[in-house]
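Subject: Structure handover

Hello,

Here is the structure I promised you. Please open it and keep it in view while you read my notes.

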Amino acid sequence: MSETAKSPLERPRTQPEGSHHIDGAYVADAGGRPLPVIYPADGSTIATLEHAGPDLVEQALAAASRAQPAWAAMTGTERGRILRRAAEIIRERNDELSRLETMDTGKPYQETVVADATSGADALEYFGGLAASITGEHVQLGDDFVYSVRQPLGVCVGIGAWNYPMQIACWKAAPALACGNTMVFKPSETTPLSALKLAEILTEAGLPDGVFNVVQGDGAVGSALVGDPRVAKVSLTGSVPTGRKVYAAAAEGIRHVTMELGGKSPMLIFDDADLDDAVGGAILGNFYSSGQICSNGTRVFVQKGILPAFLDRLAERLGHAVIGDPLDPTTSFGPLVSQAQLDQVLGFVQAGRDEGARLVTGGERLDREGFYMSPAVFADVTDEMTIAREEIFGPVLSVLSFETEEEAIARANATPYGLAAGVFTRDLRRGHRVIGKLDAGSCFINAYNLTPVEAPFGGVKLSGVGRENSRAAIEHYTQLKSVYVGMGPVEAPY
Ligand code: NAD
């Protein structure tokens, strides 16, 4: 691993005009509890926002309720045009938005410039394109007939995690708005900045006031939003413990939910796999965004025959990771998002050592300011070890070895999670056979962590309910009204 060159990009302005964005404008709340925003690369405070108090939550929900009927009454073509215009503005401002995302999350600019705002723009473009073709159906029943109308749900609440702030905001807002809903979005309190930019850009693109609102704050603010009787749907991206609470609170009002939760996904690498593709997949599926990705394939099951070559090649390629200032375009591995996350991940590394796994490389706190550690690879990991069972959400890859296909499938499925799974093999039949038997929502064959907007994304088991992206998301932001039309005399028994 090497340290970077010293040519960081210019820092963007990080203090927003106001902490919240409600009814088409920035809103400050000088009385709110302070919410400092920390740059993970050096621990400095780059902005100070406020947690929303009850008045702000009320303002946002009232604005979203007021705006919803008129927004739903617009044609899909009109709604879609605004979303697509916002996608264009995001692309034009991608460089600035990417630098902001880098400062908010600590992820290297090299990543944010291709994966964050741009994937958000993809979602706005895709759902903007679909908005005009959201329809019900017609069923002829003799002379009578039934038709169904696909209607919006109403006011939706979106709650985000901190790893992909802009992408998460767009993945929720784009389908919700395309379907005629309005939204109050609460970003993670750790990374509150880019959702405000999305609100600003949507307003610039012509979105009517109140259709998309952002309020800041921690779980208490999220909880106030989820419990409000005006809310028809809640979409959460977060951990399983938070998912349980939010799902239960939503159940109180029989609200619709989408739950995008955590994972402990398996990656199965067979002897016949292309070695470099498999190593590349393991790197993408464990160390991109410093390992802070829900769908990461953190349990890497490697067949015995290819194991030594795999470990050698992985350690060698990790040696080329460029660790450093995330605003330096040559940096390919940045800090973790916060001190708390770093402490948690280092705790897992210690647990791996204590329980007898072999640390092949990395896992050290780096001697520099900011929340840096080196990417860790453990070998000789067994199924019952803590690092093989619990979601770490950091740059820690566990290698487990296996002999037969049946054994690998059974062990891969022995987890309460089911977000993602990957298979590396040159055998076409085996690739499809194995992926067919893995309990996961988002699967990959000879690839990993590619999540284009065209593909449904989401988990099974504890990893969640519902799907984001693709046409499937339309189902989760609409409900059907059916209308029976009688064309003949009404026959009654008396
Ligand atoms: P978290 O669960 O701590 O917080 C998620 C969000 O929920 C935050 O905005 C938080 O303020 C809010 N929240 C917390 N308590 C709440 C409550 N009682 N009511 C309403 N809102 C509440 O998660 P995190 O640490 O921000 O993110 C990491 C987790 O997110 C990991 O488990 C990761 O796997 C998961 N994640 C999942 C996906 C996915 O698409 N499946 C994507 C990214 C992250």
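First, a term you will need: a residue is buried if its relative accessible area is under 20%, exposed if over 50%, and partly exposed in between, using a 1.4 Å probe and protein chains only.

Next, where the values come from. This is a predicted model, so local features need pLDDT of at least 70, side-chain atom pairs count only at pLDDT 80 or more, and totals for chains, interfaces and linings use all residues. Residues are numbered from 1 along each chain as its sequence is written, and side-chain values use heavy atoms, with hydrogens and water left out.

**The whole chain**

The protein chain has 16 helices and 22 strands. These are DSSP runs, numbered from the N terminus: helices are H or I with at least four residues, strands are E with at least two. Of the 494 residues, 58% are buried.

Along the principal axes, the C-alpha atoms fill a box of roughly 80 × 60 × 40 Å.

Now contacts, meaning heavy atoms within 4.5 Å. Among contacts with a separation of 6 or more, 74% join residues 24 or more positions apart.

**Aromatic pairs**

Rings of Phe, Tyr and Trp (its six-membered ring) pair if their centres lie within 6.5 Å; planes under 30 degrees apart are stacked, over 60 edge-to-face, and the rest tilted. The count comes to seven aromatic pairs. One of them joins Tyr126 and Phe127: the centres are 5.0 Å apart and the planes at 85 degrees, so the pair is edge-to-face. Phe127 is buried, at 0% relative accessible area. Phe444 and Tyr448 form a tilted pair, because their planes meet at 45 degrees, with centres 4.8 Å apart. Both residues are buried: Phe444 at 6%, Tyr448 at 2%.

**Two backbone angles**

Most residues other than glycine have a negative phi. Asn449 sits in the loop between strand 20 (442-445) and strand 21 (464-465). With 16% relative accessibility, Asn449 is buried.

Ser470 has a positive phi too, of about 60 degrees. Ser470 lies in the loop between strand 21 and helix 16 (472-476). Ser470 is buried, at 4%.

Best wishes
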